[in-house]
Amino acid sequence: MKCSVNVRAATVADVDAIWELLEIYVPGGTVLRRSKEDISFYIGNFWVAESQSGVCGCAALRDFGNDLLEVRSVVIHPDMQGRGIGKVLLENIIAELRQSRAHWRLFTLTTTPAFFKSLGFAETAKEEFPEKIWSDCSKCPKFHCCDEVALVIVQ
C-alpha cells in the first residue's frame, strides 16, 4: 500500500521525532546512536518524511566537500515500511542535489543494497571513501567485521 508523504528539510522542531526514529534501529546495529544534541547541531543535514500522523521517516545528507556526499541515517518507522516512503525520501534528496549542484557523488554504506540499487546506486569499494572510514567507521563496533555494502550514484 502506497502512503502519501510530504518530504521536507528538517527543523529543530523535528529533533525529538528524528531521535525516536533512529533509536528504534540502534539495538540492531542499523544505525549508530546519536544524541538529541548531535541531531540538533546537524539538523540542517536532515530530511524528514511526514505523513498525516507525523514524521515517519528521515535521512541525513553529510557533505564531505569536493562534491562527495553521504546519505545516512535512513530509517522509516516500522509500521510504515513497505509503502514507498524511503524511495520518495531518497528521490527528493537526489532531485535536490541535481538542482543545486553541477557535479556530485552520493554514497551510502548499507545492509540493504537492493533498495539503493533500485534508485540508481551502483556497488563500489568502501575504500573509495576514506573520509567516511576515518570519521565514522573507525569508531563503529562493526569496524573489523563490517556487513555493509558501499554504493554510489554520480552526477
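Author: Two strands are said to pair if DSSP finds at least two bridges between them. The model discussed here is a predicted one.

Reader: Which residue of strand 5 does Leu68 stand opposite?

Author: Strand 4, residues 68–76, and strand 5, residues 105–110, pair in the parallel sense. Three bridges join these two strands, and since at least two are needed, they therefore count as a pair. In strand 5, the residue standing opposite Leu68 is Arg105.

Reader: Which strands are the edge strands of the sheet?

Author: The sheet is open and has seven strands with mixed pairing, in the order 1-2-3-4-5-7-6. An edge strand here pairs on one side only, and that holds for strand 1 (6–9) and strand 6 (122–124).

Reader: What angle does the direction of helix 1 make with that of strand 3?

Author: Helix 1, which covers residues 15–25, packs on the sheet and touches strand 2 (46–51), strand 3 (54–65) and strand 4. The direction of helix 1, compared with that of strand 3, makes an angle of about 85°.

Reader: Which element gives the most to the largest nonpolar core?

Author: The largest nonpolar core has 24 residues, and Val71, Leu89, Leu106 and Phe121 touch the most other members. Strand 2, strand 3, strand 4, helix 3 (85–100) and strand 7 (149–154) each give two or more residues to this core. With six residues, the element that gives the most is helix 3.

Reader: How many residues does the second, separate core have?

Author: This second core is separate, and among its members are Val15, Val26, Val31 and Ile43. Its number of residues is 15.

Definitions and conventions: Residues numbered from 1 in each chain as written. Predicted model: local features only at pLDDT ≥ 70, side-chain atom pairs only at ≥ 80, totals over all residues. Heavy atoms only, no water. Helix = DSSP H or I, 4+ residues; strand = E, 2+ residues; numbered from the N terminus. Contact = heavy atoms within 4.5 Å. Axes fitted to C-alpha atoms, helices over the stretch in contact; angles between N-to-C directions. Core = buried A, V, L, I, M, F, W, Y, C linked by side-chain atoms within 4.5 Å. Buried < 20%, exposed > 50% of the residue type's maximum accessible area, 1.4 Å probe, protein only.
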